[in-house]
Amino acid sequence: MAGLRLEGLRKSFGANEILKGVDLALADGEMLVIVGASGCGKSTLLRLVAGLESPTAGRILIDDQDVTGRDPSARDIAMVFQNYALYPHMSVFDNMAYGLKIRGLPKSEIRAKVDAASSLLGLDALLDRKPRQLSGGQRQRVAMGRAIVRDPKLFLFDEPLSNLDAKLRVQMRGEIRRLQRRLRVTSLYVTHDQVEAMTLGDRLLVMHQGVPVQLATPTEVFERPADTYVAGFIGSPAMNLLPGILGRNGTVVAVEGTEIPLGNRRFARPDGHPVTLGIRPEHVALDPAGTSWPVEVVELLGSEMLVHAGRADGASLTLRLPNGAALSDTVRVSFPAGQLHLFDRATGLRLEAVA
Amino acid sequence: MERRTLFPGRLLPALLILPQLALTVVFFLWPALQAIKSSLEREDAFGTSTEFVGLENFADLFSDPLYVAAIGRTALFCVCVTALAMGVALLLAVLADTEIRGRAFYRTMLIWPYAVAPAMAAVLWVLMVHPQIGLVGAWLNRIGVAWDYKLDGTQAMALVIVAAAWKQVSYNFIFFLAGLQAIPKTIVEAARIDGSRGFHRFRTIVLPLLMPTVYFLLVVDLVYAAFDTFATVYAVNGGGPGQSTQTLVLKVYLDGVVNANIGSSSAQSVVLMAGVIVLCAVQFRYLGRKAVT
């Protein structure tokens, strides 16, 4: 049984196509995180699922029921907004009870459900307060509570942690994950924060300019990015991407005239094929026999440091090194063959080794 | 925190507020004091002698059945104008707040009546509902309704209420629309997702968030209807037929200027002034606080 299925979903505002065809299926109880830079269409996608916008084309199925044309009120979903969107004139209790009252539940049942949700979220002492008397983290919890009391078929999260400070964000991130695991409600979570995406999602959907570019588990996305966009977007600092030429029957890449061996992998492209070589900053190795890069900036991050090196021709390289590594004006580095990613330079798509 | 600019000395600040103070003194305090003085006096019919009579004018006023009737009439007028102006404006504002084509155009159109001079507004309505030459008035008579606001006091009252309310709809509309647009969209969206629809959503979410605007307009409209509708009412029927549309403000004018009963007219002015002060106090004390929180 599919919790949520999207079929060929498109959305245009005038001549501006925001969403260029999304197909997606979420298993029951799965948490899928949609991640992308601002303007990639992720929020629009969420609003389509919520019914706050209507799609230009395509279908939305919740629990195998087509809800494409339905009003949000008839979709049995709950949504947590970035600015919480609590009803300012209602107490915390009434905020959570609002949806239940509309469904005509008896008072005692409403009381029980709100009490259960509020003790789950640690809101018991705050039920009589108005939203303006709450801190950001508490408001966030109320918004969560309002979503879970309804016991909906689908949770939608629209960047719910963006308005919190860094420490609270980490804490709430953990709480959301625990809650979702515990309640097993199918969830769609939109964020631009890759750390949230990596930690929260059962699977990630990376969006770029209205197109889904990769749908996979966080590990898969990190270890085998589908194209140079994903490679550059997921992981901080971003993966180093260097232009190169494939050579020696697809077993080496020449970068700036230096041949970098690809280990025992071979890529089925003709020699001379333009490629992009990718390597994460933490995988670049210091090597006295390696190529030389002038150091531009060193950033200390506490236990480790980032070294930004650049060449006169504009090529740049970032290294993540343990703090205290010996540095001079230049670093000599090599690229371990097992950690290299190869992309087609023309299409940007990942290349896979044939053997 | 409030930022204050402090001017040195006393002369400069005094000089800076002097123009405003002068205006207030010349055009408000002076005539107001004059009115209070006149309200305690009686002049003979030829204006040659004036005697001090204490509160006799006020006593006469409140024992005069015509004046008491005018109070009731004015109260009815105020309530009807306020209710009609606010109701229609709220409806229009809710409609104009939706996302539809050409909304900039009809928002502008809805604001126009505010720019029409009150007497003009009255004339417009007269031309529409005149029993012989008015489009609506003549049509009513043709279909058998005995419509003549110059003969029928109730019809005259209805007409001045509609004309006065129509003038105020634009003002209310602007405030309601601004109030509606100040409600965060996501709150309404959250209510939709919570399952709330149509009028229920309006009543439980939108209206409570609009209450500060409602209170504000309530006072403004009451003040408008009570004190600022002279031109409209006077231009429609001059307070007639009989006294059927004679509101308190009209009566001040008719008794004082037309009938030259300065003492009584001044006493009426003082009563009205007290009314304005009470309404303004309510607005400042109660609504001033309400708007902040």
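1. Helices (H or I, at least four residues) and strands (E, at least two) are DSSP runs, numbered from the N terminus. Chain B holds 12 helices and 2 strands, and its order along the sequence is α-β-β-α-α-α-α-α-α-α-α-α-α-α.

2. This is a predicted model, in which local features need pLDDT of at least 70, side-chain atom pairs count only at pLDDT 80 or more, and totals for chains, interfaces and linings use all residues. Residues are numbered from 1 along each chain as its sequence is written, while chains are lettered from A and ligands numbered from 1 in the order in which they are written.

3. The C-alpha trace of chain B spans about 75 × 75 × 30 Å along its principal axes.

4. In chain A, 6 strands form an open sheet with mixed pairing, in the order S6-S7-S8-S3-S9-S10; two strands pair if DSSP finds at least two bridges between them. Strands S6 (77-80) and S10 (211-216) of chain A stand at the edges with a single partner strand each, so one side of each is left without a neighbour in the sheet.

5. S6(A) and strand S7 (residues 154-158) of chain A run parallel and are joined by 4 bridges. A:Met79 stands opposite A:Leu156 in S7(A).

6. The contact between the chains takes 17 residues from chain A and 14 residues from chain B; two residues are in contact if their C-beta atoms, placed from the backbone, lie within 7 Å. On the side of chain B that touches chain A, helix H8 (185-193) and helix H9 (198-227) of chain B each supply at least two residues. The largest share, 6 residues, comes from H8(B).
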